[in-house]
Amino acid sequence: ACVTVSGPAGAAVDPASQAFANLQKAMRAASDGTFPIVLCTYTPRTFTVGATLTIDPTLDSGAVVSAAKMALAAAFGFEARDFMQPVYSSEVLAVLQAVPGVIALTVDRFAYSDGTAATDSCTGCQGDMLIATPPTLSGTSLVGAQLLTLESGLLPGVVAATGTASS
């Protein structure tokens, strides 16, 4: 069994560290020994979003766009996600639509940060879902599960629609 672990706030857990060795030792001690247990540090993967927001004209569009970006960061940050949890474009829509002042929106970009489209990495997947893979075997080594989070940064693709007033 591959048990995927991460450190605080998404830090990698060094397999040569004492914490890693202690955790592995404790898990083996608690096991009945009939099933091998391997610890793997998680594999981070990020995605990006672009959206055009139609904003209530009585509000400051810059403040609403900023609030939208903060809402995305909170909803799709490390603390809010689970290993192997996919991200759906409908989740992005729901987060943005819940921001006070957003009247309507269009998601213009929804892809992995490396530019890979949803359908490029998953046979049979639709373009509205990005997957995070489970632990996999790479050669003779196990690779931990992916954790899919929003890329950090300014999200330059999240903008107010042209003609939206700014106070």
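1. Surface. The accessible surface of this predicted model comes to about 9,000 Å². Carbon and sulfur atoms account for 59% of that area. Of the 167 residues, 35% count as buried.

2. Overall dimensions. The C-alpha trace spans about 65 × 35 × 25 Å along its principal axes. The radius of gyration is 20 Å, whereas a compact globule of 167 residues would have one near 15 Å.

3. Secondary structure. The protein has three helices and ten strands. Their order from the N terminus is β-α-β-β-α-β-α-β-β-β-β-β-β. Contacts between residues at least 6 apart in sequence join residues at least 24 apart in 71% of cases.

4. Charge. There are 12 negative side chains and 6 positive ones. The centres of the two sets lie 10 Å apart.

5. Aromatic pairs. The structure holds four of them. In one, the rings of F47 and F76 have centres 5.5 Å apart and planes at 85°, so the pair is edge-to-face. F47 sits in strand 3 (residues 43-55), and F76 in the loop between helix 2 (61-75) and strand 4 (87-88), so the pair ties together parts 29 residues apart in sequence. Both F47 and F76 are buried.

6. F47 and F110. These rings also pair edge-to-face, because their planes stand at 70°, over the cut-off of 60; the centres are 6.2 Å apart. The pair links F47 in strand 3 to F110 in strand 5 (residues 102-112), 63 residues apart. F47 has a relative accessible area of 0%. F110 is at 13% and is buried.

7. A ring cluster. Y42, F78 and F83 are linked into a cluster by ring pairs.

Note on methods: Residues are numbered from 1 along each chain as its sequence is written. This is a predicted model: local features need pLDDT of at least 70, side-chain atom pairs count only at pLDDT 80 or more; totals for chains, interfaces and linings use all residues. Side-chain values use heavy atoms; hydrogens and water are left out. Helices (H or I, at least four residues) and strands (E, at least two) are DSSP runs, numbered from the N terminus. The radius of gyration is taken over C-alpha atoms; the globule rule is 2.2 Å times the number of residues to the power 0.38. Buried means under 20% relative accessible area, exposed over 50%, partly exposed in between (1.4 Å probe, protein chains only). Contact means heavy atoms within 4.5 Å. Accessible areas come from the Shrake-Rupley method with a 1.4 Å probe; for residues, only the protein chains shown count as cover. Lys and Arg count as positive and Asp and Glu as negative; His and the chain ends are not counted. The place of a charge is taken as NZ of Lys, CZ of Arg, CG of Asp or CD of Glu. Rings of Phe, Tyr and Trp (its six-membered ring) pair if their centres lie within 6.5 Å; planes under 30 degrees apart count as stacked, over 60 as edge-to-face and the rest as tilted.
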